[in-house]
Each structure stands twice: as structure tokens, then as C-alpha cells.
Amino acid sequence: MAVAPANRTVPAPSTRERILFVAADLFARQGFHATTTRQIADAVGIRQPSLFHHFSSKMAIAEAMLEWDLGRALPHVRAVAALPAPASARLFRYLLDDVRHLSEAPYNLAGLYTEEVISRPEFLAWDRQRNQLHDIVEAIVREGVATGEFIEVNTALVREAIGGILVRALTVHSGGRGGGQALADQVARLVVRGLLRDPSEIDEVQAVALALGV
């Protein structure tokens, strides 16, 4: 006779995780600069000294969220860009992975990726990482144009368009608000199909992209 599996209790989020969840929501709702560590501590249900035990400042909280995102996304796009595959497949795979990554983010990142916040001097190192990521993506598009896979296009414009799509994905979907694989598929197909010289090749491009080992 089969034995039913024992019920497993899902561990409660740690205090550190609760601080990140709550702070992200406050940053998104009322703005990073308008949010104080006291408000975050009160919303979590702890005292400020307890918050400072986990994070030395509000900036440290923001950096933990950015490390979760850019700290993972930048090495990943570098790995995708270096693959021995057509530019179209690499761009497709990058979009597929990054949109899924953003839409499945546990934290609501919308309050950090506004120009008012990310362009400030204290965020300079993170803004540079974001620009490095976009530089790599634009280089992939440039390769696709050079090889004839993609139509002749202003690659800087494509870069901005992709950046806008990614910001929209995190604004609407990060923080457990859904999207995931279905959204990632739609975005990757929309962008890459629009660039392909022969749009009928999109299914083949998708198949190659999914087979890439990253």
C-alpha cells in the first residue's frame, strides 16, 4: 500500500526577506526617496535597530534587490552573447530568459527602475551595469544586421525598445504578479520576428534558442 507523503510546512520568510518584500512594495507605491527605514520597519512589524541588523541603510536594501536582478542578468547575457549560435537565436534566448526572470521576481522592482532613481549618483555603479547589459544586447542585434539575419535597422532604437519592454515587464509583473513563461514567449517572438529578414523563420529560431545550453 502506498504511503501518503507527509505534509510539509512551508518555512515562513525570514526577517531579511520580509524587509525586502515590504520595502520593494513601498518603493513602488510611494517612491524610493519618499520611503523611510522607519516606515519599512513599521510595515514589517519590527523596530529600526532590528532592520539595521540586516541592512545598514535604505540604499543597502535597494542594492540587495538590484543584486538579485542585475547581479544575475548581466553574467547571463554575457554567457548568451558568447554562444556559437546565430544572433537571432541568441537574442531570442536572452529575451526569453530575462523576461521570465523579471516577471518571476519575488520583489516588486518597479520603484527602482525609474530614471529618477537609477540615474542618481548613488546608483551609478548599478546604472553602469544596466548600460553594459544593454550594450551587449545591442551588439547581438548589430551582428544580426551584419549577417543578414535581421533587417537594416537602427540598433540604438532597438536597444531602447527592448529596454522599454523589459521595464514594462518588471513594472507590471514583478513581485509575484504573474506572467512567467507565457509572457516571455510572447515578448521574444514579437521582438525577434519583427527583426528577422524572413519572419517565417521564427519557429526555427525559437527551436534553436531553446536548445542553447546556458
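**Figure 1. Helix α1 passes helix α2 in a right-handed crossing.** (A crossing is right-handed if the near helix is turned clockwise from the far one by less than a right angle, and left-handed if anticlockwise.) This is a predicted model, where local features need pLDDT of at least 70 and side-chain atom pairs count only at 80 or more, while totals for chains, interfaces and linings use all residues. Numbering starts from 1 along each chain as its sequence is written, and side-chain values use heavy atoms, leaving out hydrogens and water. Here α1 covers residues 15-30 and α2 covers residues 37-44; the two pack at about 125°, with axes 9 Å apart (axes are lines fitted to C-alpha atoms over the stretch in contact, and angles run from 0 to 180 degrees between N-to-C directions). That angle makes α1 oblique to α2 (under 35 degrees is roughly parallel, over 145 roughly antiparallel, 65 to 115 roughly perpendicular, and the rest oblique). On the α1 side, look for R18, I19, V22, A23, L26, F27 and Q30; they meet Q39, I40, A43 and V44 of α2 (contact means heavy atoms within 4.5 Å). By class, that's eight nonpolar, two polar and one charged (nonpolar: Ala, Val, Leu, Ile, Met, Phe, Trp, Tyr, Cys, Pro; charged: Asp, Glu, Lys, Arg; polar: the others, Gly among them).

**Figure 2. Here α5 meets α9.** Helix α9 spans residues 180-195, and α5 packs against α9 at about 150° with the axes 8 Å apart. The pair is therefore roughly antiparallel, and the crossing is right-handed. From α5 come S88, L91, F92, L95, L96, V99, R100 and S103. Their partners in α9 are G180, Q181, L183, A184, D185, V187, A188, R189, V191, V192 and L195. Sorted by class, the contact holds 12 nonpolar, four polar and three charged residues.

**Figure 3. Helix α5 also packs against α7.** Once again the angle is about 150° and the axes sit 8 Å apart, so α5 and α7 are roughly antiparallel. This crossing, though, is left-handed. A87, R90, L91 and Y94 stand on the α5 side, and L133, V137, I140, V141, E143 and G144 face them from α7. Seven of these residues are nonpolar, one is polar and two are charged.

**Figure 4. The largest pocket has a volume of about 310 Å³.** (On a 1 Å grid over the protein atoms alone, a pocket is an open set of points where a 1.4 Å probe fits, with protein on both sides within 12 Å along at least five of seven lines; lining residues have an atom within 4 Å of a point.) It has 19 lining residues, and R130, H134, G163, L166 and V167 are the closest to its centre. Two or more residues come from each of α4 (58-81), α5 (87-103), α7 (124-147) and α8 (155-173), with α8 giving the largest share, seven. The lining counts nine nonpolar, four polar and six charged residues.

**Figure 5. The second largest pocket has a volume of about 170 Å³.** Its lining is made of P86, S88, A89, G148, E149, L196, R197, D198, E201, E204, V205 and V208. The helices giving two or more residues are α5 and α10 (202-211), and α10 has the largest share, three. Five of the lining residues are nonpolar, two are polar and five are charged.

**Figure 6. The whole protein has 10 helices and zero strands.** (Helices, H or I of at least four residues, and strands, E of at least two, are DSSP runs numbered from the N terminus.) Its C-alpha trace spans about 65 × 60 × 25 Å along the principal axes.

Methods:
Grid points are joined across faces, edges and corners, and a volume is the space filled by probe spheres set on the points.
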